[in-house]
Amino acid sequence: VRSLRNQARRSNHETTHHILFGATAACILVGLAVTGVCRARIITVDDDGPADFDNIQAAIDDANDGDTVLVADGMYFGQWPDGISFRGKAIVVRSENGPETCTINCMHFWRGFIFDSGEDANSVLDGFTIKNGGAGIGGGIYCSSSSPTIINCVIRDNRAKKTLDCDPIDGICIYTGGQGGGIASILSSPLIVNCIISDNIADSEGGGMTCYTRGDPSLSPILRNCIVSDNDAADYGDGIYHCIGEISNCTVVNNLGHGLRYCGSQITNCIVWGNGDDLSRYTYARYSCIEDGDVGEGNIRDDPCFVDANSGDYHLKSQAGRWDPNSGVWVMDDVTSPCIDAGDPMTPIGQEPFPNGGIVNMGAYGGTPEASKSYFDKLPCETIVAGDVNGDCIVDFRDLSILLLHWLEEGRQGIGVSGD
């Protein structure tokens, strides 16, 4: 009997051991399988070298949510007939070295990118020049019921074209299209950060950008740290038209007619200068530099002292130092822009270098590592003093007031600004 009991115990032990071992092995195999399925990939694209694909659309088609499509330097030609599509995927499409060396040339026949499959903020377009686009709506980029993230891009020399549509039965013809030379946003709220939108044309409305929102700001783009310049529209809104969402720390300059038209009241820390009409029709700004002198809390109308507007350098001059992107060094000027430390005191200074006055600068470089430095009628401190919040080399009530103004405030995580 004792022998049978011992055999039974051994048998039960072995059976339990085999079950546990089998379960463990199964879990490991399942884990490996799941890991293999879920692991994000980097898919490479190069038009004239070794890579996974030689065109961007093929790489996107192969991608799964969470993947990154990494595009080598070169000239790419987009996708006929509507532009390169993310197909609703939560992926990052990024150039390897930024917009200076990676271009989507649309050959005037189609647009650069189209987002019309419900893309959200996890669909990220990063670091391309999009030029020579041509489409009825959205010459460079078109968003419809989609809200992607667009960062570090240059959208230039695109056109929204009018076309003549004729009814084959009654013979009546009408012109359609011509909206959004650079970008068209239809019931969408893309986040657009650190982009240049310039030299675009709309045959009707919105040379730089146009929006259709049904009057809902949540269905309008968010623009931060962008330059909108030298755009033209045949009818209305040469710079930005009907975009009523947040527009902050942007420089809107030298657009042929209107700078911003029908753009609501969420405009802060901007410089709007050299346009035919800076703020037009139900457009209001706060803590901004407006050449036309439009009234608003904290607004100024003094010359912003751009470094060289004719060549597109909209950094602000400063006797304490401003960033020179050509030489890659800080340069001291003989004047200081009134737009330095003139933004909304409640806006975080972000990544502005010290000394920064404790208040964000106006314009596209405010809150970024390329923000011009604060000048206090003397050279910057050689040694940073603990408690000197504004950087004037003295710890006094001004530092205390800035500290109290932001007491217990939680900062907003930045995205895609220069220097990241």
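1. Aromatic pairs. The count of aromatic pairs comes to nine. Rings of Phe, Tyr and Trp (its six-membered ring) pair if their centres lie within 6.5 Å; planes under 30 degrees apart count as stacked, over 60 as edge-to-face and the rest as tilted. The rings of Tyr241 and Tyr262 have planes at 80° and centres 6.2 Å apart, so this pair is edge-to-face.

2. Basis of the values. This is a predicted model, in which local features need pLDDT of at least 70 and side-chain atom pairs count only at pLDDT 80 or more, while totals for chains, interfaces and linings use all residues. Residues are numbered from 1 along each chain as its sequence is written, and side-chain values use heavy atoms, with hydrogens and water left out.

3. Setting of the tyrosine pair. Tyr241 belongs to strand S25 (residues 240-241), whereas Tyr262 lies in the loop between strand S28 (258-261) and strand S29 (264-268), so the pair ties together parts that are 21 residues apart in sequence. Strands (E, at least two residues) are DSSP runs, numbered from the N terminus. Tyr241 is buried at 8% relative accessibility, and Tyr262 is partly exposed at 22%. Here buried means under 20% relative accessible area, exposed over 50%, and partly exposed in between (1.4 Å probe, protein chains only).

4. How are the rings of Trp323 and Trp330 paired? Their centres are 5.5 Å apart and their planes are at 65°, so the pair is edge-to-face. Trp330 is partly exposed, at 33% relative accessibility. Elsewhere, ring pairs link Phe86, Phe113, Phe115 and Phe128 into a cluster.

5. Charges over rings. A charge sits over a ring if NZ of Lys or CZ of Arg is within 6 Å of the ring centre and within 35 degrees of the ring normal. The charged end of Lys373 sits over the ring of Trp330, 4.5 Å from its centre. The charged end of Lys162 sits over the ring of Tyr175, at 6.0 Å from the ring centre.

6. A parallel sheet. Four strands form an open sheet in the order S10-S14-S20-S24, with parallel pairing. Its edge strands, each pairing on one side only, are strand S10 (134-135) and strand S24 (232-233). Two strands pair if DSSP finds at least two bridges between them. Strand S14 (residues 159-160) and strand S20 (residues 201-202) run parallel and are joined by two bridges. Ala160 stands opposite Ala202 in S20.

7. Disulfides. The structure holds two disulfides, a disulfide being a pair of cysteine sulfur atoms within 2.5 Å. One joins Cys166 to Cys173, with an S to S distance of 1.9 Å. The torsion about the S-S bond of Cys166 and Cys173 is about 110°, so this disulfide is right-handed. Cys166 is partly exposed at 43%, and Cys173 is partly exposed at 37%.

8. The link of Cys211 and Cys243. A disulfide joins Cys211 to Cys243, S to S 2.0 Å, and is right-handed, with 85° about the S-S bond. Cys211 lies in strand S21 (residues 209-212) and Cys243 in the loop between S25 and strand S26 (247-248), so the pair ties together parts that are 32 residues apart in sequence. Both Cys211 and Cys243 are buried.

9. Cys226 is buried, with a relative accessible area of 0%. Cys305 is in no disulfide, and the nearest cysteine sulfur, that of Cys339, is 7.8 Å away. Cys305 is buried, at 18% relative accessible area.
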